[in-house]
Amino acid sequence: MTVRSNSAASRDIAYHLHPYTNARKNEDEGPVIIDRGEGVYVIDDQGNRYLEALAGLWCTGLGFSEERLVKAAVDQMAKLPYYHSFAQKTASPVVDLAEKIVEMTPAQLTKVFFANSGSEANDTAIKMVWYYNNALDRPEKKKIISRIKGYHGVTIAAASLTAMPYVQAGFDLPIKNIIHTGAPHYYRFAQEGESEEAFTDRLAQELEELIQSEGPDTVAAFIGEPLQGAGGVIVPPESYWPKIQAVLKKYDILLIADEVICGFGRTGQMFGSDTFGLKPDIMTLAKQLSSAYAPISAVLVSDPIYQAVADNSAKLGSFGHGYTYGAHPVAAAVALETLKIYEERKIVEQVQAVGPRLQDGLRRFEDSPIVGEVRGIGLIAAVELVADKASKAPFDPIGKVGAYFAASAQAKGVIFRNLGDTIAACPPMIITEAEIDILLDGFAAALAETEAWVAEQGLA
Ligand code: PMP
C-alpha cells in the first residue's frame, strides 16, 4: 500500500502509537482505517467491506450497527452523562445492571464490582483475593496460579497472569506471586498414546504437585478461562475442570473464572462455566457484556469474599480500590440494553442453532495438508496450521504462515485473527447461516492460497 501524504493513513503514522502492532511495519504500510459498521460487516475508508469473523476482538456480540444500543447511550448521556460509585453514591442504570448481572450469573455469586476492561477486572480479582486473605488473617496465602496459554490482559498483574511470551517480553514481567501450570490442550500437549482421561489426570496431578511444592498455605487462587481464547481457542476435555476443581477444593484455593470471552452465550450456554461445569468463587466479565459498544467490565464475587471485603473495608475505613470510570452510567445503560436484547432474541438458542454450521463447515478443512487441528464449540472456533500433519510440527518461524493466511482472507473480504499459526473465528452472535457460508468461503479461498504459497516457499 502506498501511503498518500496528508491522508488519514499518513497522519495515523505520524501521531498514533498502536497497541499490539509492529510499529515499523505500520510506518511502512500504514493502517487499515475502518470507517463504519453494518451488521456483521465493517467498511473501510476506501469502501471495502469485510465480514468481521472475530467480532472485533471477540466482543461485538450484536454486530456493528445495533440501533437500540445507540439509543440507550444517547438517552443516558442526555440524562446523566457521568457519575461515580465512590463514597456511597451510584447511578440508577448501575443499580439495574448490578441486579441483572447477579441474577444471570451462577447462584453462588452475590455481588458485582464494575471496571472498564478485562484487564482491570482481572487485576481487581487479584486484589480482592489478596484483600480477602488479609481479612482472614492469612497474609501468606497470596499466590495465584494461571495457565500456560491463558490470556487475562495486559495491565501489570493481568499481564503476569497472561503466560504468552509476547505479553511479558520486554516488560520485566511477571511480578512475584504469580505461577503457571499446564494448558488442557490435548492435541498439543498429550504424550504419545496418552488417553484424554490420562491426560487430564496428569494435569490435575501436575497442579497438585505445584501446590505442594509451593506450600498450600501460600496458594490463594487459580484463574482460568473456561475455554482458552487468545491462547488458541483451546477447548478442554470434558474431564478437565472437575478434576482441577477437586484439587482446588482440597487445598482451599479460590477459583476465578475469566469469562471475558466465554460470557453471554459464546459457547452455546450463557456462561462458559455452565458449558464446562465450573463453580467459580469469582467471575470476571467484559467484552460481550456491552457488545463492546461501551467499555465496561465486571467482577462477581461469592458471599464469603464479599463478607471478608466488607469487614476489612470497615476496619480500614474504606475498600481502597476503584476507577473514575468504573460503573459509568452510560456504559451501564448500554450493557443493560445489551443483556435485554440477548434475552429477547434468545441469544443462547441462536448460538446453538447456527454454531454447528460454523463448526461443521470448518471441519471440512481437516483434510488440508497444512491443517493440524480444527476445534471449537458454539460460535468460537480455530484452525491450527502445521508444517507436518503427522508429527504436528509447527511452521518455523511460528506466525508467518498464519499472518499470510490472515492477510489473504482480509484481501478477500473476511477478517480473521491469526494467533501464531492458529486462525481464530468468533463472529458476532447475530450472524446468519448465509453469512457463515460467506465466512467459510473466505476461509476456503485463503486456505487454498496459503497452501500454494507454503508449497512454493518450501515451508512444509
Ligand atoms: N481475559 C480474556 C479471556 C481476554 O480474552 C481478554 C482480552 N482479549 C482480557 C481478559 C483482557 O481484556 P481487555 O483487553 O479488555 O483488558
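What percentage of the 460 residues of the chain count as buried? In this predicted model, 48% of the residues fall into that class.

The overall form of the chain can be described in several ways. The C-alpha atoms fill a box of roughly 65 × 60 × 45 Å along the principal axes, and because a compact globule of 460 residues would have a radius of gyration near 23 Å, the 22 Å found for the chain agrees with that expectation. Among the contacts with a separation of 6 or more, 70% are made by residues 24 or more positions apart. The chain contains 17 helices and 15 strands.

The domain assignment divides the chain into domain 1, made of residues 32-65 + 346-457, and domain 2, made of residues 68-344. The centres of domain 1 and domain 2, taken over C-alpha atoms, are separated by 27 Å, and the contact takes 25 residues from domain 1 and 24 residues from domain 2. On the side of domain 1 that touches domain 2, helix 3 (55-58), helix 15 (347-363), strand 11 (371-377), strand 12 (380-385) and strand 15 (422-425) each supply at least two residues, and helix 15 gives the most, with five residues.

Around the ligand there are 15 residues, of which S117, G118, S119, G153 and V260 come nearest. Helix 6 (residues 118-135) provides the largest share of this shell, three residues.

Conventions. Residues numbered from 1 in each chain as written. Predicted model: local features only at pLDDT ≥ 70, side-chain atom pairs only at ≥ 80, totals over all residues. Domains from an automatic or database assignment. Contact = placed C-beta atoms within 7 Å. Helix = DSSP H or I, 4+ residues; strand = E, 2+ residues; numbered from the N terminus. Near = placed C-beta within 6 Å. Rg over C-alpha atoms; globule rule 2.2 N^0.38 Å. Buried ≥ 20, exposed ≤ 12 C-beta atoms within 10 Å, placed from the backbone.
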